[in-house]
Amino acid sequence: MEVALFIPCYIDQLYPNVAVATLELLQKLGCTVSYPLQQTCCGQPLANSGFSHLSNKCNENFINNFSDAGYIVCPSGSCTLHVKEHLESQSHPSKAEKIKSHIYELSEFITDVLKPKNLSASFPYKVGFLTSCHGQRGLHLSSMSEINEPSFSKPLQLLNNVKGIEIVMPRRIDDCCGFGGTFCVYEEAASIKMGKDRIRDFETNNVDYITGYDVSCLMHLEGILKRNKSRVKTIHIAEILNSGTNG
Amino acid sequence: MGKPVHSILSKNFIADNDRTDWHDETLFMVRKKRDYASNQIPEWETLRQWASQIKAHTLSNLDHYLTVFEKNANANGIQVHWAANAMEHNEIIYGIIKQTGISSMVKSKSMLTEECHLNEYLQDKGIQVTDTDLGEWIIQLRKEHPSHIVLPAIHLKKQDVSDTFHQHIQTEKNNNDPKYLTTAARHHLRNIFIKSKLAITGVNFAIAETGGIVICTNEGNADMGVHGAAVHIACMGIEKIIPETLHLSIFLRLLARSATGQAITTYSSHFTSPRKGQQMHIVIVDNGRTRLLGNNNFRNSLKCIRCAACFNTCPVYRKTGGHSYHSIVAGPIGSILNPNTDIKANADLPFACTLCGSCSNVCPVKIDIHNQLWIWRQQISKEGYAGKTKSLSMKMMAYILSHPNVYRFSGNVFRMTLKYFPLIIKNKLNPWYRQREMPEAPKKSFRQWYIQKQKSEFKKQHIKKDS
Ligand code: SF4
């Protein structure tokens with residue numbers, strides 16, 4: 001299966017290890033993975049700040065990079081949702097449409113398309129799972145507490161397959177962590193309070209790690225954890241699913 | 001003083017951490033009750049769908065249903081008045097009061113009269129209205145605005161109420177026993193009810209088919225006011241109409257469950273015609289609503305039945321308090337409605353949100369609240385209300401992200417600065433860094449790693465081939 005990797009800008013620059021884990025994981029699951037070299041960003045920081053009218057060129061660049069791809073896979077729920085909801089092109093509307101229907105967040109790509117029997121990953125730690133909002137409510141990666149529906153979770157379905165892992169859910173199962181893109185700086189006080197409250201929820205469970213499918217939310221929590229000298233670390237789901245499978 | 005903005009007001013609110021936690025926990029508990037109540041009904045999601053569709057249909061035929069309502073209400077002996085804006089609404093009510101010569105009156109909860117600043121208007125004319133909803137009355141005594149549309153005094157704790165009552169109705173100092181305080185309020189309000197000859201109420205639903213209105217309360221204060229009054233004035237926005245009584249059952253099942261987790265409000269009172277000798281007036285108000293109606297992006301916001309489920313679930317609302325929204329209607333729905341009234345004064349509100357989407361999924365009439373907030377953001381920035389610094393930085397960002405070379409160059413510079421000259425980034429002017437550490441800067445971007453890896457694999461293959 002041919003897969004083009006979309007690596008969001010901040011992962012490319014600040015969390016390359018997450019991108020490497022994503023790439024290796026997909027290769028181990030039998031995919032031929034390519035990384036289009038001229039990609040930058042999906043334009044979400046512009047659009048969520050109200051400046052989608054400035055994102056035309058950024059969109060065109062995205063389309064140039066990905067219009068030939070079969071499957072596009074991204075290790076971020078939020079960026080995937082942005083592409084699905086807001087990628088637009090005046091000059092290539094059909095290409096934009098094709099991309100929107102072919103882009104997947106990593107964990108849903110594994111559960112819905114690759115469907116491997118098992119993952120042979122192992123991660124012997126106590127891990128708290130952070131449900132990030134855009135992936136959950138936007139991509140419907142998992143059921144939500146607001147809706148009267150049967151419960152399910154694609155990322156947890158994968159994590160439950162990992163040897164030795166102990167998954168802990170926070171008491172408030174899907175309350176927002178307060179990252180919110182530029183919200184985290186323009187509404188600093190609220191963002192920090194929300195982040196601290198999520199962390200407290202995890203810390204009372206004595207977890208070693210907090211994981212999730214959105215590096216941005218994890219980066220926000222990591223920043224607060226480190227500032228407060230917590231022993232809890234953050235790790236992206238791709239890194240867990242790729243662990244213990246090397247070689 | 002500069003104009004109030006959410007980010008600063010909320011910083012002040014959060015400064016009192018214990019109170020913030022209490023506020024957050026209390027409202028989250030209400031949200032939980034709503035979850036429990038909605039989970040008891042297997043057809044919950046279907047009810048939401050129907051309610052949303054009934055409202056969509058009604059909004060598309062609003063002129064029709066409003067005229068049918070007026071005709072039927074008139075036939076029932078109700079006088080119907082039309083107000084284009086808040087001023088007209090207040091003038092109409094003042095006109096009625098003047099004509100009757102009544103000077104003592106009560107009002108049950110009505111967000112519309114808050115929106116029109118009716119109390120202040122009448123007060124300027126020397127007329128005192130007493131709010132009889134307990135929460136409303138408390139904040140009236142304190143000269144505050146509601147911080148929540150269903151629980152208007154939720155920003156106050158019982159000691160605050162004790163202090164307020166001690167000051168205004170001479171309850172025992174520091175006695176903050178809720179039962180003691182509510183009994184005192186009840187005695188005090190009872191006297192006002194008895195004297196009052198005019199009752200102003202809100203409207204939850206106006207039924208076109210019958211020309212009657214329905215008012216939902218838990219305290220029975222609307223009924224108490226109206227039953228003793230010679231004149232009843234009910235105020236409603238044009239969007240309160242539903243076509244038939246049949247539809248009411250759906251909304252009543254949704255409203256209280258969404259609001260507080262109750263199966264139904266304690267009182268769901270129908271007022272279809274005045275008592276013998278009583279006057280009944282209904283004031284129907286536009287005040288910017290037709291502007292929303294004519295706008296495809298925001299029309300859905302008129303479906304709102306003011307249950308406040310979106311408030312209780314909103315993590316930003318719970319942690320920043322209603323007054324941080326510097327408007328009469330706070331919370332997610334307020335952040336849609338307020339920019340419609342004054343885009344400049346409320347340009348910050350659609351940004352006081354992480355777009356988490358919880359609101360849209362609890363909303364009993366399925367308003368796509370967070371999407372509408374996203375659209376407001378686009379409009380606010382396009383019309384130049386986003387602020388100069390933000391606009392400039394967004395232009396720079398757009399340039400960088402549209403040019404792969406520039407992006408890579410900037411990315412390198414950023415990483416290297418963070419690695420070797422961290423103080424340029426790690427300082428108190430950086431709102432990320434004030435209370436959070438920066439991520440550790442890696443030496444290489446993923447792209448650099450990827451290219452190197454490909455090169456080395458390419459070499460390996462060639463070495464293999466050659467040997
Ligand atoms: S927008 Fe929806 S959830 Fe919010 S108050 Fe209105 S009806 Fe209730």
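## Ligand surroundings

In this predicted model, the shell around the ligand is made up of 12 nonpolar residues and one charged residue, with no polar ones. In total, 13 residues surround the ligand. The closest are Cys304(B), Cys307(B), Ala308(B), Cys310(B) and Cys363(B).

## Extent of the chain interface

Chain A and chain B are in contact through 71 residues from chain A and 76 residues from chain B.

The size of an interface is often given as the accessible area lost when the parts come together. Between chain A and chain B, the buried area is about 6,500 Å². Carbon and sulfur atoms give 58% of this area.

## Polar and charged pairs

Between chain A and chain B there are 10 salt bridges. A salt bridge also joins the side chains of Lys193(A) and Asp21(B), with an N to O distance of 2.6 Å.

Polar contacts across the interface of chain A and chain B involve 42 residue pairs, counted where both residues are at pLDDT 80 or more.

Definitions and conventions
Residues numbered from 1 in each chain as written. Chains lettered and ligands numbered in written order. Predicted model: local features only at pLDDT ≥ 70, side-chain atom pairs only at ≥ 80, totals over all residues. Heavy atoms only, no water. Near = heavy atom within 4 Å. Nonpolar A, V, L, I, M, F, W, Y, C, P; charged D, E, K, R; others polar. Contact = heavy atoms within 4.5 Å. Buried area = accessible area lost by both parts, 1.4 Å probe. Salt bridge = Lys/Arg side-chain N within 4 Å of Asp/Glu carboxyl O. Polar contact = N/O pair within 3.5 Å; in protein donor to acceptor, adjacent residues only side chain to side chain.
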